[in-house]
Amino acid sequence: MQFYKKILSFFLLVIFFSCNQKENKNDNKQSPTDTLQNNVAALVQSDQSTLDMSWCPANYPLEQMQGNKQKLIARVIYSRPHKKGRKIFGTTPESLCVYGKPWRLGANEATEITFFENVNIAGKIIEKGTYVLYCIPNENKWTIILNTNLYTWGLHIDETKDIFKTDISTIKQTPSIEDFTLFFEDTKTGCDMIMAWDDVKAVLPIVFS
């Protein structure tokens with residue numbers, strides 16, 4: 001009888017430890033919600049420059065959602081870097097956008113602009129199509145450039161593919177803007193493409209042909 005009691009006690013101990021191990025394993029497992037939150041956090045940390053898109057006419061997305069047919073003239077796709085206390089424009093090495101050197105008008109991949117019909121910029125007809133858009137900033141003006149070398153990283157600009165350049169004046173603005181912003185404003189003759197960051201704003205007039 002004592003022998004059977006010992007056998008029974010042994011099996012009860014085995015079952016007890018097995019249950020505890022399963023509970024510990026379950027405690028270590030993440031719920032689907034925890035896993036999703038961790039994955040989202042990793043994605044957010046991987047890129048701090050938000051991808052954005054702007055349209056001309058400026059209210060094009062709203063019109064589309066409301067079912068109204070409106071002609072799309074232009075669209076820009078770009079990433080929005082943040083100032084984060086850094087010096088943005090200037091001549092010093094710590095300046096993020098150094099005067100006289102090409103800047104991709106954003107972050108990450110090259111900024112792209114698509115014209116869905118021919119437009120007139122600074123007296124020149126720009127044929128419909130997609131172009132890389134970048135600039136050369138200076139203290140009182142920016143040189144705006146269209147380039148045909150598509151699908152490139154914004155830091156590697158092939159200047160031999162430039163097809164258009166024009167100078168536009170810059171405007172000082174207050175308060176300063178934390179995130180680089182590029183958008184369109186409708187005008188009587190077409191639209192203005194507005195580019196603003198820190199305490200600097202530049203405006204490129206576009207005339208519809």
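## Contacts and overall make-up

A contact is a pair of heavy atoms within 4.5 Å. In this predicted model, residues 24 or more positions apart account for 56% of the contacts in the protein with a separation of 6 or more. Residues are numbered from 1 along each chain as its sequence is written, and side-chain values use heavy atoms, with hydrogens and water left out. Because the model is predicted, local features need pLDDT of at least 70 and side-chain atom pairs count only at pLDDT 80 or more, while totals for chains, interfaces and linings use all residues.

The protein has three helices and 11 strands. Both are DSSP runs numbered from the N terminus: helices are H or I with at least four residues, and strands are E with at least two. From the N terminus on, the order of elements is α-α-β-α-β-β-β-β-β-β-β-β-β-β.

## Surface and burial

The accessible surface of the protein comes to about 13,200 Å², as given by the Shrake-Rupley method with a 1.4 Å probe, where for residues only the protein chains shown count as cover. Carbon and sulfur atoms hold 56% of this surface. Of the 209 residues, 35% count as buried; buried means under 20% relative accessible area, exposed over 50%, and partly exposed in between (1.4 Å probe, protein chains only).

## The sheet

Strands of a sheet pair through backbone hydrogen bonds, either parallel or antiparallel. Here, two strands count as paired if DSSP finds at least two bridges between them. Nine strands form an open sheet in the order β1-β2-β5-β8-β9-β10-β11-β6-β7, with antiparallel pairing. Its edge strands are β1 and β7 (124-126), each of which pairs on one side only. The twist averages 35 degrees from one strand to the next; axes are lines fitted to C-alpha atoms, for helices over the stretch in contact, and angles run from 0 to 180 degrees between N-to-C directions.

Strand β6 (residues 119-121) pairs with β7 through three antiparallel bridges, where N120 has I125 as its bridge partner.

## Aromatic pairs

Rings of Phe, Tyr and Trp (its six-membered ring) pair if their centres lie within 6.5 Å; planes under 30 degrees apart count as stacked, over 60 as edge-to-face and the rest as tilted. The whole structure holds nine aromatic pairs. One of them, F89 with W197, is edge-to-face, at 6.5 Å centre to centre and 85 degrees between the planes. This pair links distant parts of the chain, 108 residues apart, with F89 in β3 (residues 89-90) and W197 in β11 (residues 190-208). F89 is buried, with a relative accessible area of 6%, and W197 is buried at 0%.

Another pair, F115 with Y131, is tilted, at 6.3 Å and 55 degrees. F115 lies in β5 and Y131 in β8 (residues 129-137), 16 residues apart, and both residues are buried. Ring pairs also link Y78, F89, W103, W142, F180 and W197 into a cluster.

## Cysteines

A disulfide is a covalent bond between the sulfur atoms of two cysteines. With a limit of 2.5 Å between the sulfur atoms, the count is zero. C56 is in no disulfide, and the nearest cysteine sulfur, that of C191, is 3.3 Å away. C56 counts as buried because its relative accessibility is 1%.
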